[in-house]
Amino acid sequence: MNLLMALLKRKSVAASLLFILIVVVAAVFAPWLAPHDPTRQFFDGLTLEGAPLPPNADFYFGTDLLGRDLLSRIIYGARTSLIIGVVSNGIAVIIGTLVGVTAGFVRGWTGSILMRLTDLMMSFPALLLAIALAAILRPSLWIVALVIAMVNWVQIARVIYSETISIAAKDFVAVERTIGASSLRILFSHLLPHLLPTILVWATLGISTTVLLEATLSFLGVGVQPPMPSWGNIIFESQTYFTSAMWLVLFPGIAIVALSLSFNLVGDALRDELDPTLKGRL
Amino acid sequence: MNSSKPPRNAPVLAVERLSIDISHGTGSAQRVVDDLSFNLQAGRTLCIAGESGSGKSLSSLAIMGLLPKVAQLPSGAILYQDRDLLGLPDRQMSRLRGRDIAMIFQEPMTSLNPLMSVGKQLEETIRRHKLDEGGGATRRAREILEAVRMPHVEKRLRQYPHELSGGMRQRVMIAMAMVCRPKVLIADEPTTALDVTIQAQILELMRELQQELGTALLMITHDMGVVAEMADDVVVMNRGVVEEQAGARELFSAPRSDYTRKLLAAVPRLGTAPELASQAQRPRVLEVGDLNVRFPVQRQSPFAKATEVHAVEGVSFALGAGETLGLVGESGCGKSTTGKAMMNMLAYSGSVKLDGRELNGLKGGALKAIRREIQMIFQDPFAALNQRKTVGELIGEPLLVHGLADSAGRRRRVAELLEQVGLSAAAAARYPHQFSGGQRQRICIARALSLEPRVIIADEPVSALDVSVQAQVLALMKSLQDRLGLSYLFISHDMAVVEQVCHRVAVMYCGQIVEIGSCQQVLHNPQHPYTRRLLSAVPMPDVDHKRDFRALLQASEVPDPIKPRGHQPPPLEYLEPQAGHFVARTEEGSLSLY
């Protein structure tokens with residue numbers, strides 16, 4: 001509770017938390033909040049020439065190429081983006097941290113094998129790997145989330161690995177050994193708190209990367225399947241009309257940027273608040 | 001040597017009423033150097049002495065025009081050849097830098113470009129200052145290396161910084177600084193990172209070069225021994241304020257300010273410590289027998305022979321109850337490795353016995369149980385404390401790990417321990433970074449004491465501390481020993497400190513103990529040539545006894561500790577000139593032990 005109060009004191013963080021809350025509410029209560037059915041193609045949703053409508057009184061954010069309500073699609077799309085951004089990125093962070101910490105702390109054969117595995121994963125182009133995986137496993141939202149996690153954990157593992165090695169070499173870890181502390185105690189009580197800043201930064205940065213990767217996969221047809229909307233596939237569907245119907249790219253684009261920025265700000269603030277040596281400074 | 005000093009005359013460089021502020025962002029500023037004035041004269045040496053945070057380094061950076069951006073210069077002037085360096089545009093300043101005013105830093109490795117050979121770096125400096133071109137530059141590089149008494153100059157020119165030892169690197173730095181024959185040489189703690197014998201070599205070298213070239217030398221140091229060896233004039237600084245400014249002889253014989261007196265009193269002087277009452281028959285607590293530590297060396301090629309570094313070689317000694325045994329030697333001699341092996345922090349062969357119980361090979365629960373008996377204190381108290389834990393959590397952790405007390409009991413014990421090491425119980429709620437260096441070391445000591453050990457291995461426990469703080473921590477360790485009957489293995493490179501606290505001393509060289517005996521025997525009647533060499537290099541805070549380091553300038557070759565796997569050097573033979581005083585037998589005059 002103290003932590004939350006400390007976080008809310010920073011205006012940028014309070015605004016970020018508010019925005020994240022709005023997106024979560026939108027995702028959960030989409031059927032009640034959305035003004036229209038996101039997949040319904042309206043007869044009056046297109047001009048006589050067949051062009052999408054700009055924002056107006058009926059369609060607050062305008063309509064897309066097929067005459068569907070953009071606002072409703074963005075509200076429903078929040079579900080996809082949150083699941084991808086939070087769940088799949090969360091899985092990636094957990095796997096990456098586990099692999100990195102284990103390899104860095106245990107070293108030896110176990111460490112070598114884990115890191116060579118990571119290198120192997122890294123040497124595949126991430127996108128190709130995702131396409132291959134998604135093609136084998138029939139694409140659905142959850143499968144896409146899993147695929148993205150599988151592609152994204154490698155960088156985190158690499159970073160956490162080298163960080164762990166440098167922290168484990170510090171004197172205070174040697175002191176822990178001399179007082180008889182067990183490896184598990186050293187790991188959880190002394191190493192992880194020092195890794196937290198790195199983990200938080202990667203976790204928040206990862207949200208924007210994963211949302212964009214999902215968009216790419218959707219564009220290539222192996223991501224979230226239409227007509228189900230996601231912020232990524234809305235942008236990709238309409239990117240060629242950027243000059244004539246820029247609202248189609250602008251609104252979901254703003255949503256992605258704002259969401260990842262919010263997570264970044266919250267992550268940074270969390271990192272500072274959890275570090276006792278920085279307490280009381282800004 | 002003093003007789004040849006030129007008389008005082010017009011200063012080469014004059015610092016007048018220099019003040020420096022460090023700004024903390026929002027308008028607030030802290031004065032770190034306040035109203036500092038001094039003159040540098042050709043051929044003379046001025047030392048700025050002070051403890052950490054005294055502003056001595058910032059003053060020297062101001063002269064070089066290298067102050068960090070947060071530093072502001074509110075007032076003062078630095079006059080060089082009738083020009084104020086503070087007002088000089090950057091272009092002109094950088095032309096002066098290196099050519100007229102040169103600087104040597106503490107850490108030679110970080111000041112040299114690791115990807116450029118020594119010869120290339122020297123030639124580059126020569127060309128940049130347009131001293132010479134092409135072949136001439138190469139010739140000059142060779143000459144200057146010869147001037148700094150570099151052995152095997154041709155080989156050194158082709159070598160890279162990492163291939164040189166610390167002392168050789170510092171010689172290269174001096175060569176680079178002196179190649180333009182600057183009028184002023186600023187040396188910021190030039191020997192702090194070096195061993196005493198190497199320090200003596202570098203100091204001697206700087207004295208000789210100064211005499212040859214008539215350079216004005218400005219030396220920044222925390223070591224009053226170095227000040228006494230080098231200075232003609234001294235400025236003592238404390239928290240940015242000049243405490244005293246005097247000629248060296250005057251300062252050491254009749255210090256005027258309280259601070260200088262306190263500082264000089266805190267400096268341990270070799271040969272002045274009262275002899276500690278040595279109880280001849282102490283029950284033995286710890287026995288080390290034929291301890292060997294070897295580290296495998298990575299093979300250069302799959303066909304190369306497997307080799308090992310012999311870090312510790314056949315070390316044996318015993319530690320009595322309530323006794324302090326000093327383990328001294330220069331860096332790389334294996335003293336810290338011996339301590340770590342005794343803590344079972346690395347694999348070793350041989351035996352370490354605590355009350356007759358063998359510690360080698362202990363694992364799991366048995367090892368954990370032994371941790372209650374034998375604890376360790378590290379050199380850098382800041383690195384040894386997890387900054388994310390409160391002091392209370394840190395000191396209480398050993399009790400938690402060993403299940404010795406519930407949380408209320410831990411809190412009581414932590415408060416007790418804090419008071420025992422001279423801190424208030426309220427410190428428990430704070431974090432390590434909120435304490436000073438000396439206080440942090442007290443916290444580390446409290447932590448080591450929490451398990452009520454009988455033996456403490458202290459690895460350079462006061463080396464990272466200022467002298468005044470150092471004296472306090474040593475006094476604390478001594479009083480704890482008297483009260484609790486602790487035995488210390490005191491690992492240190494500082495002979496004067498060792499003399500103050502140790503009952504017995506062991507001198508290590510290349511992984512072996514070459515001399516061991518009572519403090520009196522080893523330090524006041526040294527028998528082994530290495531011990532003598534080491535003692536002769538210790539700078540003394542006494543202007544009337546300037547040491548002649550010339551004999552040390554001939555660098556002795558250290559034997560290569562890398563041997564083929566399985567190599568078994570013959571064990572050392574020990575002579576016993578006096579009861580309890582053992583000295584390794586050597587061939588006449590030779591330091592080679594293998």
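## Chain A: an all-helix model

Chain A has 11 helices and 0 strands, where helices (H or I, at least four residues) and strands (E, at least two) are DSSP runs numbered from the N terminus. This is a predicted model, so local features need pLDDT of at least 70 and side-chain atom pairs count only at pLDDT 80 or more, while totals for chains, interfaces and linings use all residues. Residues are numbered from 1 along each chain as its sequence is written, chains are lettered from A and ligands numbered from 1 in the order in which they are written, and side-chain values use heavy atoms, leaving out hydrogens and water.

**Overall layout**
- Along its principal axes, the C-alpha trace of chain A spans about 80 × 45 × 30 Å.

- L18(A), L21(A), I22(A), V24(A), V25(A), V28(A), F29(A), W32(A) and L33(A) make a nonpolar surface patch of about 890 Å².
- To join such a patch, a residue needs over 30% relative accessible area and no salt bridge, with nonpolar side chains (Val, Leu, Ile, Met, Phe, Trp, Tyr) joined within 5 Å and like charges within 9 Å.
- Those areas come from the Shrake-Rupley method with a 1.4 Å probe, and for residues only the protein chains shown count as cover.
- Helix α2(A) gives the largest share of the patch, 6 residues.
- W32(A), another patch member, is found in helix α3 of chain A.

**Salt bridges**
- Over all chains the count comes to 39 salt bridges, each a side-chain nitrogen of Lys or Arg within 4 Å of a carboxyl oxygen of Asp or Glu.
- One of them joins the side chains of R68(A) and E237(A) (3.7 Å, N to O).
- R68(A) lies in the loop between α3 and α4 (70-106) of chain A and E237(A) in helix α10 of chain A, so the pair ties together parts that are 169 residues apart in sequence.
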